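Dear colleague,

Please find the structure below, handed over for your review. My notes on what was found in it follow directly after.

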Amino acid sequence: MAGIDEKEGQSLASKLCVIIPAYNASRTIRDVITGALKHVPTVIVGDDGSTDETADIARRAGATVIATGGNRGKGYVLQMLFRKLIEDGYDAAITIDADGQHDTEDIPAFIETHRQHSHDIIVGSRMHEQEVIPRARYNSMHIARFYISLAANQFIEDTQCGYRLYPIALIRNLTLTTGKYVTETEILIKAGDAGAVIRCMDVKVIYGNSGSYYRPVLDTTAITAYVVTYLIMKWFKEAFVPNRPFTYTQTNIMNLMGRNKIINMLFQTAVVIVSIFVCSLYFIQYKTMPNLIRNNFASLRGQEINFSRIVLASYMLPVVLLLIIAEKAAGILGFDIRTVDGFIRRYYPHLWTVREVNPS
Ligand SMILES: Nc1nc2c(ncn2[C@@H]2O[C@H](COP(=O)(O)OP(=O)(O)O)[C@@H](O)[C@H]2O)c(=O)[nH]1
Ligand SMILES: [Mg+2]
């Protein structure tokens with residue numbers, strides 16, 4: 001792929017570093033840096049306007065610290081760090097959370113997988129750690145995974161883990177327009193929809209008392225709106241163009257809209273409102289068009305995903321949301337009802353029948 005330095009005899013992993021987006025992580029950042037430095041020569045911390053000792057502690061622990069000069073969010077910091085890595089000629093970067101939720105002893109496995117598959121994004125997967133992850137989080141991970149996998153043209157076991165390895169050549173070909181917690185989803189979708197392979201690898205996950213800056217309602221809404229809008233736009237192309245499973249281009253409508261925050265928000269809101277209706281129209285097109293447009297919706301046919309399942313699962317989402325709200329309301333009144341949990345766990349994980357995924 002363009003941009004990767006493939007000089008003879010030089011390992012692709014020769015210029016690899018660990019980057020850490022950090023916000024008020026003074027309690028944990030030292031151990032993360034010390035652990036990472038055992039495996040890579042360079043650790044760069046993106047300090048995002050921390051009001052505690054994060055930056056000082058990071059420097060003393062041996063990391064390079066770059067400051068954003070205010071709290072701009074994880075996505076902004078990641079993009080700032082990527083620009084720095086492109087300037088400095090890095091081949092790959094491992095991102096790890098600053099709050100100690102990831103085990104630095106998994107770094108060698110990332111590096112080894114990268115050696116074997118140097119063009120692929122490698123994502124840490126926590127899905128085997130069902131007992132450790134809070135229930136609501138685990139459930140939303142399942143739903144997110146189904147739709148993000150659809151947009152990324154391949155099954156991705158864990159789409160929300162921040163512990164990843166990115167080939168820089170791949171990142172520099174993407175125009176990123178989102179911020180905060182959406183960016184990591186945006187990267188998977190755009191890279192996957194441009195033809196990249198996204199490979200998952202089991203990692204340990206530590207849910208201590210680190211807390212989280214993730215805002216369940218706001219951040220989940222932002223990710224959902226992005227994914228739904230991306231899918232509706234992607235399928236619009238696929239509906240009318242034969243054999244077009246990979247639809248990402250730099251002039252993609254998501255990139256054009258992403259230039260203006262307000263227009264983007266209005267656009268995404270409008271698309272989300274009509275999305276289930278449009279999805280049903282696509283379904284009809286999927287069923288009736290193949291005689292006219294051969295292999296339309298190529299990404300779905302290529303994956304052997306049953307479109308009727310997608311439509312049904314999407315009609316279930318507003319119902320699930322209403323039930324969650326009803327359960328919360330009942331909880332306030334002192335009733336402990338938990339039906340949604342079981343439903344999500346039984347239903348969404350099995351929507352995507354995984355065949356041979358990302359063959360080696
Ligand atoms: N740079 C930056 N990093 C952040 C911000 N919020 C969270 N992070 C980092 O992103 C990582 C994951 O965030 P966290 O809140 O723990 O999310 P969770 O693990 O998904 O619940 C941690 O390393 C945080 O330090 C932010 O506003 N700016
Ligand atoms: Mg965390």
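Leucine 16 stands opposite alanine 92 in β4. Before going further, please note that this is a predicted model, in which local features need pLDDT of at least 70 and side-chain atom pairs count only at pLDDT 80 or more, while totals for chains, interfaces and linings use all residues. Residues are numbered from 1 along each chain as its sequence is written, and chains are lettered from A and ligands numbered from 1 in the order in which they are written.

Helices (H or I, at least four residues) and strands (E, at least two) are DSSP runs, numbered from the N terminus. Strand β1 (residues 16–22) runs parallel to β4 (residues 92–95), to which 4 bridges join it. A second pair in these two strands is valine 18 with its bridge partner isoleucine 94. Strand β1 is also joined by 5 bridges to β2 (residues 43–47), again in parallel, and here isoleucine 20 stands opposite valine 45.

Strand β1 is mostly covered, with 7 of its 7 residues buried; a residue is buried if 20 or more other C-beta atoms, placed from the backbone, lie within 10 Å of its own. In a regular strand the side chains alternate between the two faces of the sheet. On one side of β1, Leu16, Val18, Ile20 and Ala22 are buried, and on the other Cys17, Ile19 and Pro21 are buried.

**The sheet**

An open sheet is formed by 7 strands in the order β3-β2-β1-β4-β6-β5-β7, with mixed pairing; two strands pair if DSSP finds at least two bridges between them. Its edge strands, β3 (64–67) and β7, each pair on one side only. From one strand to the next, the twist averages 25°, where axes are lines fitted to C-alpha atoms, for helices over the stretch in contact, and angles run from 0 to 180 degrees between N-to-C directions. Helix α3 lies across β1, β2, β3 and β4, at about 140° to β2.

**Helix α7**

Helix α7 (residues 183–193) is largely enclosed by the rest of the structure, because 11 of its 11 residues are buried. Its buried residues are covered by elements including α3 (74–87), β5 (121–125), α5 (135–151), α6 (168–172), β7 (198–202) and α8 (216–240); contact here means that the C-beta atoms of two residues, placed from the backbone, lie within 7 Å. Just after α7, glycine 195 takes a positive phi of about 110°.

With kind regards

Notes
Buried ≥ 20, exposed ≤ 12 C-beta atoms within 10 Å, placed from the backbone.
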